[in-house]
Amino acid sequence: MQCVAPSSSIGYKSTIGTTSHNVFHRPARLNQLNIQCAAAPATANGFASGGVGKSRADWQSSCAILASKVESQQQNTDNSTGADQITVVNGHNSLDLVPIKKLPKPLTIADLSPSPSHGSTLRVAYQGVPGAYSEAAAGKAYPNCDAIPCDQFEVAFQAVELWIADRAVLPVENSLGGSIHRNYDLLLRHRLHIVGEVQLPVHHCLLALPGVRKEFINRVISHPQALAQCELTLTKLGLTVTREAVDDTAGAAEFVAANDLRDTAAIASARAAELYGLNILADGIQDDSSNVTRFVMLAREPIIPRTDIPFKTSIVFAHEHGTSVLFKVLSAFAFRNISLTKIESRPHRNRPIRVVGDENVGTAKHFEYLFYVDFEASMADVRAQNALAEVQEYTSFLRVLGSYPMDMTPWSPSSSSK
């Protein structure tokens, strides 16, 4: 299916999922891999109403992709009576909590299996463990969804492609740390469509086991960006400690709790503190209160573009003769008064270097790039259609990643009490 304007209006030759001039090659189909499902989460992960408190066995069986690896003792687990709620998550109202002993295990590649049965609740994949900021973003994007944790960004993409999840919510940029390059590369490698965006203020907390005081701590662990975003505040708190990077913030909190580390603190959300039984030693420890992460929502099919609400469109393009066409491409939008909100360059993996030879002076080596551009217009807008028709004349590869509603929710800096 095309995620661009009809071919009659702008003359596109190829559909989404294909490439021009063989610039990119699709990897082998995932459903041809010899992978078996162990246990893929399916029910509420703190977001679905009425779904909190189910046992792991009930939680897995509703996903209808159980395998023989599920231990028989899980089938006898009693339903818990529910979970408490906390009042603040990243400066926002909290969603329902999942009891610490009933948290679902993040999906791995071995858990992915094609064509599971589906219920009526939207199932949303995110990278991390319960309590991660990505989980909060999934809850903001789809308030009544079943959130499915995945151990890698790649697994979240595959979960949607293999119908284990209906949507994926993944971060693409942070106001302090910049772009998440891994996900830009995965957007191009996979054939999912951007169907929305959500911006989430990030509110970091310093967490430790109950009874542990700040002076007992000699190590702080968290995601590398979280450590960087709290570096000055940690110093002001008098913590001259070792900083150690781990895969994600909530995973750091889980690690401290699971290993009973009384000399280690984690930087994570308030929700992570509640989930893993940790105390908040310091709240709002980010160096800059204007700390926001932008997430995109991905689906197997694009949505129908509209013009009655603000829309954003994301594209990626390249040219076989290098970056000389970049000015012409940007001019196509400027002449039509279309504002750009993002431009990102990434190395061209299939052809990272272009060599220009000259017998007299030797050879010149130029790096080749792909360009990702977001602009404020819907694909239903004639201006956008005409702009892309012109862009196509200048590029050897052009793909529309999605045309989707902009996040227009009110925003205020995350409050902090340092």
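Q: In what order do the five strands of the open sheet with mixed pairing stand?
A: This is a predicted model, in which local features need pLDDT of at least 70 and side-chain atom pairs count only at pLDDT 80 or more, while totals for chains, interfaces and linings use all residues. Residues are numbered from 1 along each chain as its sequence is written, and side-chain values use heavy atoms, without hydrogens or water. Strands (E, at least two residues) and helices (H or I, at least four) are DSSP runs numbered from the N terminus, and two strands pair if DSSP finds at least two bridges between them. The pairing in this open sheet is mixed, and the order of its five strands is β8-β7-β9-β6-β10.

Q: Which strands stand at the edges of this sheet?
A: An edge strand here has a single partner strand, so one side of it is left without a neighbour in the sheet. This applies to two strands, β8 (242-245) and β10 (279-283).

Q: What is the average twist from one strand to the next?
A: Angles between axes, which are lines fitted to C-alpha atoms (for helices over the stretch in contact), run from 0 to 180 degrees between N-to-C directions. From one strand to the next in the five-strand sheet, the twist averages 30 degrees.

Q: Which residue is the bridge partner of I221?
A: Strand β7 (residues 219-222) runs parallel to strand β9 (residues 264-268), and three bridges join them. The partner of I221 lies in β9, and is A266.

Q: Which strands does helix α8 touch as it packs on the sheet?
A: Touching means contact, that is, heavy atoms within 4.5 Å. Helix α8 (residues 249-258) makes about 150 degrees with the direction of β9. The strands that α8 touches are β6 (205-208), β7 and β9.

Q: Which residue of β17 stands opposite I315?
A: Strand β12 (residues 311-318) and β17 run antiparallel, with eight bridges between them. Opposite I315, the residue in β17 is V400.

Q: Why is strand β2 largely enclosed by the rest of the structure, and how many of its residues are buried?
A: A residue is buried under 20% relative accessible area, exposed over 50% and partly exposed in between (1.4 Å probe, protein chains only). In a regular strand the side chains alternate between the two faces of the sheet. Both faces of β2 are covered, with D146, I148 and C150 buried on one side and A147 and P149 buried on the other. Strand β2 (residues 146-150) is largely enclosed because the number of its residues that are buried is five of the five.

Q: Which residue in β2 is the bridge partner of R123?
A: Strand β1 (residues 123-127) pairs with β2 in the parallel sense over five bridges. The partner of R123 in β2 is D146.

Q: What distance separates the C-alpha atoms of R306 and M379?
A: R306 is in the loop between β11 and β12 and is partly exposed, at 40% relative accessible area. Leaving out residues up to four places away in sequence, R306 touches F311, S378 and A380. M379 is 73 residues from R306 along the chain, yet their C-alpha atoms are separated by 7.7 Å.

Q: What is the phi of W163?
A: Most residues other than glycine have a negative phi, and most peptide bonds are trans. W163 is in the loop between α4 (153-161) and β3, and is partly exposed at 46% relative accessibility. W163 is not a glycine, but its phi is positive, at about 70 degrees.

Q: Is N337 buried or exposed?
A: N337 is in the loop between α10 and β13. N337 has a positive phi of about 60 degrees, although it is not a glycine. With a relative accessible area of 64%, N337 is exposed.

Q: What share of the residues in the protein chain is buried?
A: The protein chain has eleven helices and 17 strands. Of contacts between residues at least 6 apart in sequence, 78% join residues at least 24 apart. Of the 418 residues in the chain, the buried share is 52%.
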